[in-house]
Amino acid sequence: MEQIPFNKPFIAGHELAYIREAVDRGKLTGDGHFSRLCHGFFEDRYGFRKCLLTTSCTDALEMSALLADIQPGDEVIVPAYTFVSTANAFVLRGAHIVFADSRTDEPNMDVGLLETLLTPRTKAIVVVHYAGVAVDMDPVMALAKKHGLVVVEDAAQAIESRYKDQPLGGIGHFGTFSFHETKNLIAGEGGLLSVNAPDYVERAEIIWEKGTNRAAFFRGDVDKYNWVDVGSSFLPSELTAAFLYAQLEELERIQAKRKALWSVYREQLADLETAGHARLPHIPDYATNNAHMFYLVVADLDLRSRLIADLREAGYLAVFHYQALHRSPFYSGRHDGRPLPEASRYTDCLLRLPLFFELEAAQAEAIAQRVRRFFGV
Ligand SMILES: *Cc1c(COP(=O)(O)O)cnc(C)c1O
């Protein structure tokens with residue numbers, strides 16, 4: 001029986017050649033030749049003001065928390081249905097997390113609820129563009145402006161996606177991307193911070209370089225480098241950057257294939273939605289689709305477990321993911337107790353189908369057929 005994994009890391013072609021080139025160049029620490037190529041790629045393609053590679057999206061989120069100057073007791077609004085790092089980066093600075101519920105029609109944060117979550121202690125809003133589909137950013141930015149809040153876009157899944165023609169990760173004060181091997185473009189582990197608000201650019205570079213003004217020193221802007229602020233070792237080595245650059249060069253090809261597979265699922269499964277068996281991904285008018293993920297939302301936990309088991313029997317590995325953070329062992333005791341029914345529903349009812357570059361359209365069709373058979377359509 002053919003086994004189809006949930007994910008398989010894709011090697012675009014030049015990764016090993018570029019790693020060899022990095023070795024031959026004789027400088028393997030961060031901020032070298034390939035790091036600069038990666039920074040330039042993001043700055044040119046998306047118009048982000050300043051880009052800094054990090055060792056993960058988690059690190060980029062931690063940098064955002066430092067840049068936002070989060071202090072113990074500050075409140076940060078975070079969606080409950082997300083990966084732990086979205087919240088944890090701020091908890092590390094002593095923040096209290098105020099969880100926002102998801103929308104009924106898609107897992108993204110319900111921005112209509114934000115105003116009710118504000119208090120005088122609110123310092124930042126972190127949005128997550130779930131499945132690479134944009135959160136409705138205009139109301140978020142308007143609210144942030146009115147109340148002087150910092151906006152961080154967790155764009156871990158959102159490379160190449162847009163909100164009303166603006167690239168995601170370029171709207172808030174900061175954007176954070178991931179190149180973890182489950183994302184569209186990969187570097188094993190890797191990430192990127194985009195800094196959009198001009199006032200934060202200089203400090204971002206310092207925090208990135210362990211609290212020193214080393215980057216300014218190498219540019220010749222200062223005559224010696226010093227410990228000038230807090231910081232940490234957030235920058236990846238040239239080996240990671242070389243690998244990533246090979247992926248960036250193949251971005252269009254990777255995206256075209258993922259979108260084609262996504263469309264196969266969408267077409268093959270459309271009538272599941274019509275028949276009321278499952279909800280498919282919803283792309284609002286203001287958003288684009290980067291084919292990061294194809295998911296189904298079924299009626300309940302039991303049905304999801306049975307569907308996963310049925311697919312597994314056929315050799316197809318479908319998975320669920322986030323356990324809503326407000327119900328997590330670590331944070332449930334600290335959560336203010338508000339029920340977040342939509343986040344809980346996605347925790348129980350959302351299921352992801354295999355989607356990776358090397359998946360064949362015929363395999364996606366076979367998986368979709370098995371799902372249809374399960375529902376008897
Ligand atoms: C993958 C992911 C992260 C973490 O990315 P890493 O690069 O593994 O640190 C954070 N937030 C979201 C929404 C993610 O999907």
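**Exercise 1.** Find out how many residues surround the ligand and which are the closest.

*Solution.* Start with the count: 15 residues surround the ligand, each with a heavy atom within 4 Å of it. The closest are Cys57, Thr58, Asp154, Ser178 and Lys183. A word on the model: it's predicted, so local features need pLDDT of at least 70 and side-chain atom pairs pLDDT 80 or more, while totals for chains, interfaces and linings use all residues. Residues are numbered from 1 along each chain as its sequence is written, and side-chain values use heavy atoms, leaving out hydrogens and water.

Next, look at polar contacts (N or O atom pairs within 3.5 Å). Threonine 58 has a side-chain N or O atom 2.5 Å from a ligand oxygen. Aspartate 154 puts a polar side-chain atom 2.7 Å from a ligand nitrogen, and serine 178 has one 2.7 Å from a ligand oxygen. Finally, check the cover: the ligand alone exposes 380 Å² (Shrake-Rupley, 1.4 Å probe), and the protein buries 94% of that.

**Exercise 2.** Work out where threonine 176 is found and why it counts as buried.

*Solution.* First, locate threonine 176: it's in strand β8, residues 174-178 (a strand is a DSSP run of E, at least two residues). Then take its relative accessibility, which is 0%, so threonine 176 counts as buried (under 20%, with a 1.4 Å probe and protein chains only). Now list what it touches (heavy atoms within 4.5 Å): among them are Cys57, Asp154 and Leu192, not counting residues up to four places away in sequence. Last, threonine 54 is 122 residues away in sequence, yet 9.3 Å away C-alpha to C-alpha.

Terms used: Helices (H or I, at least four residues) and strands (E, at least two) are DSSP runs, numbered from the N terminus. Buried means under 20% relative accessible area, exposed over 50%, partly exposed in between (1.4 Å probe, protein chains only). A polar contact is a pair of N or O atoms within 3.5 Å; within protein, one must be able to donate a hydrogen and the other to accept it, and residues adjacent in sequence count only if both atoms are side-chain atoms.
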